[in-house]
Amino acid sequence: MNVLPLGKKLTIAIDVDGTVADCSRVDFGKVNKNPAELLKARPIKGALEAVKRLYRQGHKIVFYSSRNHGSRKMTEQWLKIHGFLFHHIEMEKFVAHIYIDDRAIEYKGNWNEVKMKIFDK
């Protein structure tokens, strides 16, 4: 199924940690005192190419994170260092057409399916 309607430009919200950034090297316990700790993250394979393609197709790319607001500048720096194209960053969830997130469970009108995804893993 193609979720991008032909010819329509969308706002695409993309989570940072676990979606475009592999944070396995980041010690989040140190981030409040040393936001540069976030720079230890590495791009997840395929993420950069996919985001660039969406951006070049004219979609509005907005990265979002539940990191604290004090790490916003370091998050933006990390994205730029690794070549991610985007329009802006939000440090909380906002209204978008599409959300790309590693922790999401898609709801399709059936809560039994949601429960199965949570409890029957």
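Select Asp17 and Arg67 to begin, a pair that forms a salt bridge in which the closest N and O atoms are 2.5 Å apart; the term is used for a side-chain nitrogen of Lys or Arg within 4 Å of a carboxyl oxygen of Asp or Glu. Asp17 sits in the loop between β1 and β2 (21-22) while Arg67 sits in the loop between β4 and α2, so the pair ties together parts that are 50 residues apart in sequence. The whole structure holds four salt bridges.

This is a predicted model, in which local features need pLDDT of at least 70 and side-chain atom pairs count only at pLDDT 80 or more, whereas totals for chains, interfaces and linings use all residues. Residues are numbered from 1 along each chain as its sequence is written, and side-chain values use heavy atoms, with hydrogens and water left out.

Next, colour by secondary structure, which comes to three helices and six strands; helices (H or I, at least four residues) and strands (E, at least two) are DSSP runs, numbered from the N terminus. From the N terminus on, the elements follow the order β-β-β-α-β-α-β-β-α.

Now select β5, β4, β1 and β6, which in that order make an open sheet of four strands with parallel pairing, where two strands pair if DSSP finds at least two bridges between them. The edge strands are β5 (88-90) and β6 (98-100), each of which pairs on one side only. From one strand to the next, the twist averages 30°, with axes being lines fitted to C-alpha atoms, for helices over the stretch in contact, and angles running from 0 to 180 degrees between N-to-C directions.

Then zoom in on strand β1 (residues 11-15), which three bridges join to β6, the two running parallel. Within this pairing, Ile12 has Ile98 in β6 as its bridge partner.

Finally, show helix α2 (residues 72-81), which lies across β4 and β5 and runs at about 140° to β5.

How values were computed. Contact means heavy atoms within 4.5 Å.
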